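User: I would like to learn how to read a few features of a model. Please take them one at a time.

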Amino acid sequence: MSNAIIRQLRRARNADSVNQKNFWESCAFMHLRGMFSVWADDEGLNKEAYAMELLERIKEIQLIFKNDDLEKKEQQK
């Protein structure tokens, strides 16, 4: 799950053109969109436990974005 997003953000960061950068960022966005669509289906689940599980997933994604920002800053130096 998260490896695909990391890979797409890295490809966007290392892209040679704006079009390639936009393509890979769009891929990451579509990946997230699909994940959210699946996560929104809570039929028959213990909603409290599921909410806590989703919170952990969201924290993982936030960490991915934070690391991506740090790597961007390092590249700009």
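User: Where is isoleucine 58 found?

Analyst: Isoleucine 58 is found in helix 3, residues 47-76; helices are DSSP runs (H or I, at least four residues), numbered from the N terminus. This is a predicted model, in which local features need pLDDT of at least 70, side-chain atom pairs count only at pLDDT 80 or more, and totals for chains, interfaces and linings use all residues. Residues are numbered from 1 along each chain as its sequence is written, and side-chain values use heavy atoms, with hydrogens and water left out.

User: Is aspartate 68 buried or exposed?

Analyst: Buried means under 20% relative accessible area, exposed over 50%, and partly exposed in between (1.4 Å probe, protein chains only). Aspartate 68, in helix 3, has a relative accessible area of 8% and is therefore buried. Isoleucine 58, at 45%, is partly exposed.

User: What is aspartate 68 in contact with, leaving aside its neighbours within four places in sequence?

Analyst: Contact means heavy atoms within 4.5 Å. On that basis aspartate 68 touches Leu9 and Arg13.

User: How do helix 1 and helix 2 pack?

Analyst: Two packed helices are described by the angle between their axes and the distance between the axes. Helix 1 (residues 2-13) and helix 2 (residues 18-39) pack at about 160 degrees, with axes 7 Å apart. Axes are lines fitted to C-alpha atoms over the stretch in contact, and angles run from 0 to 180 degrees between N-to-C directions. The angle makes the pair roughly antiparallel (over 145 degrees).

How values were computed:
Helix = DSSP H or I, 4+ residues; strand = E, 2+ residues; numbered from the N terminus. Parallel < 35°, antiparallel > 145°, perpendicular 65-115°, else oblique.
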